[in-house]
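Open the model in your viewer and keep the sequence panel beside it. Select each stop as you read.

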Amino acid sequence: MASYIERRKFLATLGGAAAWPLAARAQQPDRVRRIGVLINTADNDPDAVARLSAFKKALRELGWDEGRNLQIDTRLGVEDDRIRRNAAELIALAPDVILANGPPPAMALQQATRSVPIVFVGVTDPVGMGIVQSLARPGGNATGFISAEFGLSVKWLEMLKEIAPGVRRVAILRDLGLASGSGQLGAIQSVAPSLGVELTPLNVSDAGAIERSLAAFARSPNGGMIVTGSTLALVHRKLIITLADRHRLPAVYPQRPFIASGGLISYGTDSIDPFRRAAGYADRILKGEKPADLPVQAPTKYELVINLKTARALGLEVPPTLLARADEVIE
């Protein structure tokens with residue numbers, strides 16, 4: 001009997017010892033996952049900070065905390081060479097997923113890897129650029145959120161004519177390096193004749209070229225300007241806004257940051273919201289879903305922002321109907 005009791009004690013002890021590693025493993029902290037972030041902007045751009053903060057906040061709400069179960073590696077830069085170097089550095093860190101902000105980062109990452117999952121934001125035409133096979137079925141290692149549809153560009157010209165009816169000539173600032181620039185220009189061209197407007201496409205490249213081309217355009221009267229969506233335009237926004245003021249060109253911009261810097265009017269997607277939504281896709285990928293199965297999504301929030309101080313400086317009276325539609329009016 002004593003032998004039987006001792007044997008039971010031994011088995012119970014052995015069973016407890018065998019179960020202990022399982023219990024200990026259950027109490028271990030979650031495995032740290034890694035997210036790379038490649039943002040196509042200057043190092044000191046405050047908008048980049050706001051976008052990254054929104055992305056991190058949304059991840060925290062989904063249970064991903066830096067320092068506990070998540071590490072985020074961020075790289076910033078505008079020049080093509082730097083973007084490629086940053087992409088290579090991030091891939092070398094073996095991330096579980098990479099967030100790419102803008103067409104150049106998305107292209108650089110996909111050229112460097114076909115296996116690391118990529119979630120992009122701020123890309124207008126991912127199919128035309130070859131980043132995905134289709135919006136509904138991306139088919140590769142990338143998916144994300146488009147920045148705008150080409151039809152939005154029509155609204156820019158309509159709003160320019162609404163706020164400055166006397167405009168007859170419109171400079172279209174675009175980045176020739178982006179396929180989306182041609183699509184946006186094409187949409188504007190489709191309605192220009194019906195609005196009695198002559199278009200002049202101008203390339204956004206370096207500061208000197210922007211200054212020379214706008215000075216030449218402004219030599220004739222009744223001019224206005226539309227700035228299409230591009231990282232280069234965002235980087236040079238203070239110069240572009242200064243030139244618009246100097247040459248007295250009413251201008252429509254693609255995003256709110258231009259208006260916060262003194263621009264006249266903008267209509268476009270909320271630049272922060274896609275980063276919140278991108279966190280949801282990153283979460284799903286970290287939990288095992290594949291980018292190929294996650295459809296590319298269109299914007300859900302658009303905002304109209306008007307700077308009344310700039311309107312007064314240009315001698316423009318903003319129509320009440322336009323003011324009534326504004327999501328934000330800067331005094």
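The tour below goes stop by stop through sheet, helices, strands and loops.

**Before you start.** This is a predicted model: local features need pLDDT of at least 70, side-chain atom pairs count only at pLDDT 80 or more, and totals for chains, interfaces and linings use all residues. Residues are numbered from 1 along each chain as its sequence is written, and side-chain values use heavy atoms, with hydrogens and water left out. Helices (H or I, at least four residues) and strands (E, at least two) are DSSP runs, numbered from the N terminus.

**Stop 1: the five-stranded sheet.** Select β1 to β5. They form an open sheet, ordered β2-β1-β3-β4-β5, with parallel pairing. Two strands count as paired if DSSP finds at least two bridges between them. Which strands are at the edges? They are β2 (70-76) and β5 (142-146), and each pairs on one side only. From one strand to the next, the twist averages 15°.

Now zoom in on β1 (residues 33-39). Its parallel pairing with β2 runs over seven bridges. Pick V37, and you will find T74 of β2 opposite. In general, strands of a sheet pair through backbone hydrogen bonds, either parallel or antiparallel.

Stop 2: Axes are lines fitted to C-alpha atoms, for helices over the stretch in contact, and angles run from 0 to 180 degrees between N-to-C directions.

Show the side chains next. From α2, the contact (heavy atoms within 4.5 Å) uses R51, A54, F55, A58 and L59. From α11 come F275, R276, A278, A279 and A282. How many of the contact residues of α2 and α11 are nonpolar, polar or charged? Eight are nonpolar, none is polar and two are charged. Here Ala, Val, Leu, Ile, Met, Phe, Trp, Tyr, Cys and Pro count as nonpolar, Asp, Glu, Lys and Arg as charged, and the others, Gly among them, as polar.

**Stop 3: a loop glycine.** Select G140, in the loop between β4 and β5. Its relative accessibility is 35%, so G140 counts as partly exposed. Buried means under 20% relative accessible area, exposed over 50%, and partly exposed in between (1.4 Å probe, protein chains only). Now select P291, 151 residues away along the chain from G140; the two C-alpha atoms are separated by 6.8 Å. Beyond its neighbours within four places in sequence, G140 contacts P291 and A292.

**Stop 4: a covered strand.** Go to β6 (residues 169-174), where six of six residues are buried. R169, A171 and L173 are on one side, with V170, I172 and R174 on the other. β6 pairs with β7 (residues 198-203) in the parallel sense over six bridges. The bridge partner of I172 in β7 is P201.

**Stop 5: two positive phi values.** Select N222, between α7 (207-217) and β8 (223-227). Its phi is near 60°, positive in a residue other than glycine. Finish at R248, in the loop between α9 (237-246) and β9 (251-253). R248 is not a glycine either, yet its phi is about 55°.
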